[in-house]
Amino acid sequence: MAQINLTVNGKAAHAEVESRTLLVELLRDQLHLTGTHVGCDTSQCGACVVSVDGKSVKSCTMLAVQAEGAQVITIEGLAAADGTLHPMQEMFREHHGLQCGFCTPGMVMSGIDLVESHPDGLTEQQIREGLEGNICRCTGYHNIVKAIAAAWPLMHDKQMPQAAE
Amino acid sequence: MYDFEYHKPGAIDDAVKALGADAEAKALAGGMTFIPVLKQRLAKPSAVVDLAGLGLTGIRREGNALVIKAMTTHREVAMSSEVASAIPALAELASNIGDRQVRYRGTIGGSLANNDPSACYPSAVLALGATIVTSRRRIAAADYFQGMFTTALEPDELITEVSFPIPEKAAYAKFPNPASRYAMVGVFVAKTAAGARVAVTGAGNDGVFRHAAMEAALDQSFTADALKDVTTPESLMNGDIHAGTAYRAHLVGVMARRAVMACK
């Protein structure tokens, strides 16, 4: 067993894990953060995406021991303490970017990474390509793409530039 | 997943020693193939040696070569201005590997050590005549790839960096499997001072290979038209549920012509 220390949703976390424990297992089974989902066992579906040191990562394809010292943010870490939703969550609600909701935590985390890493604008094409690692089996992606585009001006506090690349 | 011992050495020598001391130990780079393999219980290593602490990331220009350290991620290669100015085809190739989350963690060294027959990087390394630099020697691309999932690497030998000679122009064209995004067929074409070079991944039944007939045709005239009568033997092709051998042989020609047209 290994002792690991990391920061999860802004709080220090300490855990004892096996070498083989996946980050998603640490989050769900030991830290009881069950908003991060497991939708497949082949690293393809993206329901388990979390932010690790500012990058969107499939937490089912990273060992917990590899997250030693990392800053991890999960879906539970997005809303404000008073319950105010993160702009990305709010836009998923506004644009009905979900049906059953199973893929939503991963979609929201990937959407935030996409918006944050494109400060000069984000095209529909870039959003669709950016979601290649997230699979939705209910609604199709149209409203998810709309929600992410709508979150861009809110997260950057400015208008989306026209014809941005 | 079977359990294993986890080591995270801070120096290349220590990593080599850990791998040399235990025949069942395996190196972990980005883990984008290896961790799924562990999850499926297709491998049962006694120990996993994590290479993340060895300082093996970075990209630099060295004379007429572009040198990429082994733990540099696909994302870093795709976003690098150094790569974009020296070998834009390589940045383009890296930007289309897997998906966004795979590109954040997957590494060039991991991809080359694994030598998946459908991986993108082996085609660039072979077409550009790159040199694989390891913890003990320098290996020419032609000697490095030895059939699918097989390389010249010894069990306790680690890739430290890859040195790519900068071509006059190059391009990579890939027909991705729509589910896995691996290359069903990927063709890397380069125009170098020594002539045209064409390497094909995803298609061959023994991993990445150079296409001598296409190289000869492109040496006559470096145009897509020069390839229109060049065929690819079906007997060399891999066939599976995604594409039969005839289809793959056809796609090799289509992707090669697209790559020639896209060369810059």
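Two residues are in contact if their C-beta atoms, placed from the backbone, lie within 7 Å. The model is predicted: local features need pLDDT of at least 70, side-chain atom pairs count only at pLDDT 80 or more, and totals for chains, interfaces and linings use all residues. Residues are numbered from 1 along each chain as its sequence is written, while chains are lettered from A and ligands numbered from 1 in the order in which they are written.

**Exercise 1. Describe the side of chain B that touches chain A.**

Solution. 
Step 1. Chain B and chain A each bring 21 residues to the contact.
Step 2. Helices (H or I, at least four residues) and strands (E, at least two) are DSSP runs, numbered from the N terminus. At least two residues come from each of β1 (5-7), α2 (34-39), β3 (47-50) and α6 (100-105) of chain B. The largest share, five residues, belongs to α6(B).
Step 3. Ala, Val, Leu, Ile, Met, Phe, Trp, Tyr, Cys and Pro count as nonpolar, Asp, Glu, Lys and Arg as charged, and the others, Gly among them, as polar. By these classes, this side of chain B holds 11 nonpolar, two polar and eight charged residues.

**Exercise 2. Is G110(B) buried or exposed?**

Solution. 
Step 1. A residue is buried if 20 or more other C-beta atoms lie within 10 Å of its own, exposed if 12 or fewer, and partly exposed in between; C-beta atoms are placed from the backbone.
Step 2. G110(B) counts as buried because it has 25 C-beta neighbours inside 10 Å.
Step 3. Helix α7 (residues 108-114) of chain B contains G110(B). Not counting residues up to four places away in sequence, G110(B) touches A29(B) and G30(B).
Step 4. T72(B) is 38 residues from G110(B) in sequence, with 9.5 Å between them in space, C-alpha to C-alpha.
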